[in-house]
Amino acid sequence: MRYKITHVTEYKYQEPVGLCHNRVCLTPRNNSHQTCQVSDIRVVPSPDEFNYRTDFFGNTVAYFSSYKEHDTLQVTSVSHVNLSGRQETDLAFSSSVLWHDVSALIIADGVLASDVFQYTLPSQYIPHSEAVREFAKSCFQEDATLWSACNVLMQKIYKSIEFKPGFTTINTPVEHVIRDKKGVCQDFAHLMISCLRNMGLPARYVSGYIETVPPPGKEKLVGTDASHAWVSVYFPTIGWVEFDPTNCLHPTFHHITVAYGRDYHDVAPLRGIVFGSGKQSLTVKVDVVRSAE
Amino acid sequence: MQSINPNIPLETLIKGYFTNKSLDECFGFEGEVKNHWKRLVDNVEKFGVEELTNRQLELLKLLKENGVTYNVYGDTDGMNRPWQLDSMPLLISPLEWRITERGMKQRAFVLNKILEDLYGERRLLKERIVPPELIYAHSGFLRPCDQVVQPGKNRLILYAADLSRGPDGKVWVLRDRTQAPSGMGYALENRSALARVVPELFKDHNVTKLGGFFNSMMQAFLDIAPQGKEQPRVVLLTPGPRNETYFEHAFLASHMGFTLAQGDDLIARDGYVWIKTVEGLEKVDIILRRIDDNYCDPMELYEGSHLGIPGLLEVIRKGNVSVANPLGSSILENTGLMAFMHNIFKYFLNEDPIFKMVATWWGGQKKEMDYLIQHLDELVIKKIDRTNGSGTVIGSQLSRAEKDNLIRRIKAQPYLYVGQEEVSFSTTPVFNRDKLEPRYTVLRTFLVAANGGYEIMPGGLTRCSPEKGSFIVSNQDGGIAKDTWVETAVRGINTSLLHNSDVKRKAVLPSRAAENLYWVGRYSQRVLRTSRFIRIVLRNLTQGGYSRTGQESEATRSLLHTITHLTGTYPGFLDDEENEVQLNDRLNEIHKLICNPSVEGSILFTVNNLLKAMYAVRDRWTVDNWRIIDDMEDASRKLAALEPEGIRHVFTSLDNLNGSLLSFLEMNRQSMYRGEGWLMYRIGQLIEEMSLELTQYRALLAFQFDEAIEFQILEALLVSNQNLSNYRSVYRTYFDIAPALDLLFLNKQNPISILSQLEQLLKFIDQLPHVDKGVHETSISNLVFECYSKVRLLSIEELLKVDPEVEFRAALDKTCEELSAKIARISVSLTAQYFSHTTYQSAEEKDNFKLEV
């Protein structure tokens, strides 16, 4: 499956900004099920410095800065991505690994798994929490396999949390999401990761896109797609297996991966510092279009 | 030294010393003086108690006058806590020092390896020499710093470790300081204070000098200079005057010839870091940081930081700036690492550590966690990092409930906790009142990467517990410092600092320093002038302005109004125009305007601002100036303590304050370097002086009064301006407004006439660096010139014209108003051009997640 993704971010500043530094995390990853054939990031006004590097998590991040005075800043990322099947999902489906054996098995995995441990620990948006553990506990029966426990958990989150844009912000704690039972995909993902980590399991955050399918008989509107976020769980000997708790499904040919991190904080699409004190406003438009092979 | 006291025997000096039998550095268990301390104890005995007491006081006085302080966070009174230094040094025998040196160099080598590995290959984690969680759970492991390499052989540039001696006589490493180790400046200051106040102690000792270490430090910076630059510009990055060790930042900066800067003095652009100076941007090559690494770049590290430089990491990655210590090095301060050090030493060196370490159990492993919980009573429990406070607790001091709570927290996140053996320290004698007392002692040693390896400071910073029998040894808790002596067999080569040709480059004046010097000029003038004027009005009130008629005269009222205008404390005296006001109300208001620091515009308020500005550029004042600043603080404390009823006694305190301030100004006039800093300071003085004068003239002279009243007003004005004798000698007449205006505005022989001052201002403004030939530069000198020519062309006759209807000199009023406005604009333009600070914020983040099916 081949996609063209256009992601436009525009900042408007009330007062002109003299200098800005930015970090952009909008280049899709290459991995076992995805190749990013073309990726291009355009910045208007054209930046004075621009370069790419690979971050700690293996994501491609762009860094740019602008010294010219400007009152709007537009960042456009266009990428072409080829998707194939996620084999890890099939392997996980038939895996008999019990969830409470995972830690021991990771240690046995040895050298390769040393960095997996960081995904069992709290991070910026995913603190240690008794409340989350309480919420998750019922999904982790003593003799459950990791696969079944993850699926039960995904269903529980899907059923208990209502998808409601605008109710939460980036800084809404996971515990409030459990309490208020409302959130967006980022909250779903953070909650599921938090549940897994509080049970001692390694889980990471996936940022990316999802293709939307218009209601039958309606034409797809431009700019109505969105960034998406889901979850990836480490299965010893198999690798990372993905779950989408917002939609309660296993990502296949509709999920395009941009970046992995411990949580949103590691992979925020655009982060920056502007020198100026005026107000700013932000609009984001995303298009995910299936293209000919 | 004419001390009539006979030399007292040691016995009286150490009476009661051996009540608690801990290991002592100086004395053996039988009370005998250890061999290598004998010469020092002899020298101490020779002083006698009385003389020793005097010297101890003198020592503290010297340190206080030199402005040696240790600030305590969250303690407004203790904002600048004087440094406590004991006159008895700590002696380390040559043999022991050799071991210390070897042990510390070995440890520095290994820590450097760890740092290299954790931000490089991470073999320690892959091979499980160190459990990965211990590193990944520590807030000091900064992922954005991964794989970042700076020039130079070593990553760890500056290193400090706290050592103590256990009951078995062996030396222990208590903790490592690896990100921005503090104390080396204090160590240097301790040495020079001791050498100055008690030189006799040094007799028969060959104490190794500390200067060589600072040379090595300079070499260390040359080694990490980007592109091998031979004359790198080094900036010492400080969080600012409120930081606990700000004294040291300023002291080191001026000792080493570095530029003292705060985060917003620096800017990252075009792939470099720049410092904002009055001459524009200057490139920075090396940053010696005294800021926690997470705060250094809000762009990639902690976003809420306003102490750092956005974009710094990207410049480091490009190799265009080097930071000591490199960002991310606080990972080495992870207390959990102590538990794995033996294996790490083996791994990198195949050697055992020379120094023992405090036995440490890391909770991240099941067995160790169980041990922690079972042995809580015998252990000190710590967090692995210092965010949200170190959380250090002594198990045996906890209540049952506290223990349960702690155990619950450990079980929830075991990898965040370590348990350490309680260690007892050895004691050293501290001179307290009239005898020596044993105090627990910790030595901080310092190393710097140089010559391919590490060099150690021969000595260090010794700190002792503030209370007898207390184990708390830290500056935050008010510890006592000691100089630390290491003896050399051969007389050391007298190395003077900076024999290298480096840092001989032109000094720059950072914009912030320029701004603070400008305000030192302005505030000092404001304090002087307003206090003189208030003083005169107060005299007037208490000596007749009131009492005779029972109500105030028109002259007094006019003078009171002027106070309100000068201090900007509206409505003040302007409010009660119609009401009958009692003398006491007047005095209370005046008391407030002098002594209440929370009233904006009051004298104390201005004095506090002046002191703040002085502190912010403390690296620029001489020791003599510090003594005066110290006096000013004392005087201002007395003013603050004055009750309203005692207002009549305010004169002495005000005189003391002004006396100190005048010496300060005179000291600057004599010795301040005539560079851009001087220009800023003088421009500030002139601008303040003229604006206050114009305010006075407008308030006092615009209305016409009867001759007698005008006489009183003029007298008060001329006295307060210290122009009375000038007036008498030049005009030789009764007070009259025409000659007075001539003297105040136009007389070029009068240094404080508006015209003289504008002339000087023109001269100074022309000497300022011209940043760019843009709009600003011309407009500032144009503005001054406009003022100058306006005054030059003034006609006194014109100014004197009175509108008889309202008895008002409209031309005078208008002239003062216009000039004041222009001078205010000069100040605004200067600020915009030379002092401009940038403010920045995080770009807004917003989710754009919508329902998907």
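The model is predicted, so to speak of local features a pLDDT of at least 70 is needed, side-chain atom pairs count only at pLDDT 80 or more, and totals for chains, interfaces and linings use all residues. Residues are numbered from 1 along each chain as its sequence is written, while chains are lettered from A and ligands numbered from 1 in the order in which they are written.

Chain A contains 7 helices and 14 strands (DSSP runs, H or I of at least four residues for helices and E of at least two for strands, numbered from the N terminus). With a radius of gyration of 20 Å, close to the 19 Å of the globule rule for 293 residues, chain A is as compact as a globular protein of that length; the radius is taken over C-alpha atoms, and the rule is 2.2 Å times the number of residues to the power 0.38. Along the principal axes, the C-alpha atoms of chain A fill a box of roughly 60 × 45 × 45 Å. Of the 293 residues in chain A, 47% are buried (20 or more other C-beta atoms within 10 Å of the residue's own, with C-beta atoms placed from the backbone).

Turning to the cores (buried Ala, Val, Leu, Ile, Met, Phe, Trp, Tyr and Cys residues joined through C-beta atoms within 7 Å), the largest holds 310 residues, and Val448(B) is among those touching the most other members. Helix H14 (residues 511-545) of chain B gives the most to this core, with 14 residues. A second, separate core of 10 residues includes Ile5(A), Leu83(A), Ile210(A) and Val288(A).

Technical notes: A residue is buried if 20 or more other C-beta atoms lie within 10 Å of its own, exposed if 12 or fewer, and partly exposed in between; C-beta atoms are placed from the backbone.
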